[in-house]
Amino acid sequence: MDEEFLHYLTQGNTATNIGPTAKEALLQHAEDEYLNGNMTRSIFYQIVALYQTSQEHYYKSTTKRRSADVDDLLAEMTVEEAEDFKENCLMQYVCKSLKTMAKTKKKSYDKYEEIEMETESNFLKGITDPMEGIHKLEDICKQMPKEWTILQLCKGPRTENTFSIYPKIHEYDAAIYLTILKHARSDKYPTPICLRFSSNDQKELFANFASIVNRFKHCIKVDPKDWNTIEARKLYWNMLAELNTFIGKILADLKNLFFPWRFLFSGISNLSSCRKVFKRRWEKIDEFCDTCNWDEQSRILLSLAASNIRDISELEIDAICMVLTENLQQREQATEILNEMQQQAQDDCCNECKANRYPCILVVDERLDHFFWEELNVYQEFTRINSIQCLWRLYKYYKKDIKNGYLNVNITTGGCVINPDQNLNKMELRMRSFFEYWLPHWTMMVGQRPSQEELFNNFFKQNCYVYAGHGSGLQYISGRNIAKFQMHCVVFLFGCDSSRLHSNGLYSELLGPHLYYHAAMCPALVGTLMPCLDSIMDKVATEILSRWIAPKSPNVLPWNEIEVNAWVKEGIIRSKNGGHVEAAAALSPVVATTSSSSCSRGPATIATTPDYHLGSLCGILARVHQRISEPKLYNTVPYVCRGLPVWNCHVQPTMPIL
């Protein structure tokens, strides 16, 4: 590709303004560089490509507008212009008005607050040399928390994507690039490394992932008149069982695509005992690599394999060493080292090491966002972000409150909007009873359509905002206005496809509600990647909320000890042993009165479940993917967390260094 054209694409906001055509050009060059052995140059073009289509447009709307200085303009006028100005009443009026506006310091966005950033979000802006960009990236990653693991997933070029209709964007296959931007040894080896994954079966993999949503919709498309028949109900559940099996198969195919490198989807251990063991292993790896003169990439990959040796099979060990070297003797030595470490691992580390990991942040290409990446390691805490630049922007804004890898928040206030369309009556009954029981002090709007003013003033200024209804709630508020707002609340969108990227018409760029919220500095958002069954979504939603947010009263029954069927069918909250539990306090004045309270009143019940609450929101999402409380794949794989890893200090002290 012409170097002058690449230089043109990477300068300023040129690629952003050109759009998807520029992205394809950048991705094509990234692939050419990788296949020619220029890995670091390829990484640079991948990062530029992922940012240019999904972020800059949103941030433009939040940039502070600067008013023109009238006196400076007048001083710059020529003699002829000054003479004309004396006779121009309109321009004199304009200048007078501008001076008045400057004195009153009127805000650009009326009642909405502006976002003032100290640094440029796009840290690669103005950099056209790939190696200079990589050095800048190394510096950025070094400034971010040492506890983070940051992985980037990028789909290779596919020209048809540029002007394809939405379903085809997902169906078209291409290679997948996995870039390790930050890892356990980044302090010593900061240069990112990249692996390319491609196979003969990837076409089927992409097609299958693209078909899941339509398959699910086909399963649940039941005529209400036929629902009461035994045959219809049997067919319904059989089709869902087949869907569950289908999802299980494609998850296995996804894992096979990343063989033998699936262990890379793991964070850094938060157990000091394990980290000490890992350092001893790395010393042995370094000694071997120095002797064999291995390059930095091979050293890092072998080190990360040693760190995760408990989760790697013997077959994977053989495959890893086969990829890393063609030298038969060195391959045997490396295999022997890893096998010895695996045998010692049972004594070196406690059994909790697998689950006790700091967060892993996935930078996901918009065209790979519908993949269930969290399923590659269900014990790992994950959160997603659209670009490393977006992550940098959020990190810089919340830096002072990030401790031990988590943004520390205190969720003491909140608001919820439930069933605003008034056509999900059972969902309204369930979710209303939960909030009246667990969080009666929250601002609630039930069975009413919120106005934009109400959302901004009554909900987005809280510590937490929960939406439970159809879709993402963007039908009640302009995404553009969200992007102009400044919010610090954690957002939960419990609706079908509530955090799924989509396109309007021919492909320009994929859109999603989280893009608007992150532009407004929302630190974290939980949503879904596909439709869900309403009753199961309510169960998962209350599981997440009750474990992460403390109830109003300390004397209520933990949510996992309530009788599920009574709550799902009738909205009645009672213990599993049949006893009634403490009722909620009086409703908030802003709550709609479309339905009555369904909580059963009775004596207070002391909580009996130890360690019910968990500070890490990503950790609670990991529990969902582990299917601890809900076993079906189609009910659990859609839930994702986006943004920063957040820790609710109100329910658990700041993440300790163990």
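**View 1. The lining of the second largest cavity divides by class into 8 nonpolar, 2 polar and 1 charged residues (nonpolar: Ala, Val, Leu, Ile, Met, Phe, Trp, Tyr, Cys and Pro; charged: Asp, Glu, Lys and Arg; polar: the others, including Gly).** The model is predicted, so local features need pLDDT of at least 70 and side-chain atom pairs pLDDT 80 or more, while totals for chains, interfaces and linings use all residues. Residues are numbered from 1 along each chain as its sequence is written, and side-chain values use heavy atoms, without hydrogens or water. The second largest cavity holds about 60 Å³ of space (a cavity is a set of points on a 1 Å grid over the protein atoms alone where a 1.4 Å probe fits but cannot get out, and lining residues have an atom within 4 Å of a point; volume is the space filled by probe spheres set on the points, which are joined across faces, edges and corners). Its lining consists of E374, V378, Q380, F382, C618, L621, A622, H625, Y639, V640 and C641. Two or more of these residues come from each of α24 (617–625) and β13 (639–643) (DSSP runs numbered from the N terminus: helices H or I, at least four residues; strands E, at least two), and α24 gives the most, with 4 residues. The count comes to 7 cavities of 30 Å³ or more.

View 2. Of its 33 lining residues, W227, Y236, L533, D534 and S535 are the closest to the centre. At least two lining residues are supplied by each of α12 (230–257), α18, α22 and α23 (564–570), with α22 giving the most, 6 residues. The lining comprises 17 nonpolar, 7 polar and 9 charged residues.

View 3. α9 (130–143), β1 (149–155), β2 (176–182), α13 (272–292) and α14 (296–307) each supply at least two lining residues, and the largest share, 5 residues, comes from α13. By class, this lining has 15 nonpolar, 8 polar and 13 charged residues.

**View 4. Helix α18 (residues 425–438) packs with helix α22 (residues 534–548) at an angle of about 15 degrees, their axes 10 Å apart (axes are lines fitted to C-alpha atoms over the stretch in contact, with angles from 0 to 180 degrees between N-to-C directions).** That angle makes α18 roughly parallel to α22 (under 35 degrees; over 145 is roughly antiparallel, 65 to 115 roughly perpendicular and the rest oblique). The contact (heavy atoms within 4.5 Å) involves M427, R430, M431, F434, F435 and W438 of α18 and D534, S535, D538, A541, T542, L545 and S546 of α22. These contact residues divide into 7 nonpolar, 3 polar and 3 charged.

Technical notes. 1 Å grid on protein atoms, 1.4 Å probe; cavity = no way out; pocket = protein on both sides within 12 Å on 5 of 7 lines; lining within 4 Å.
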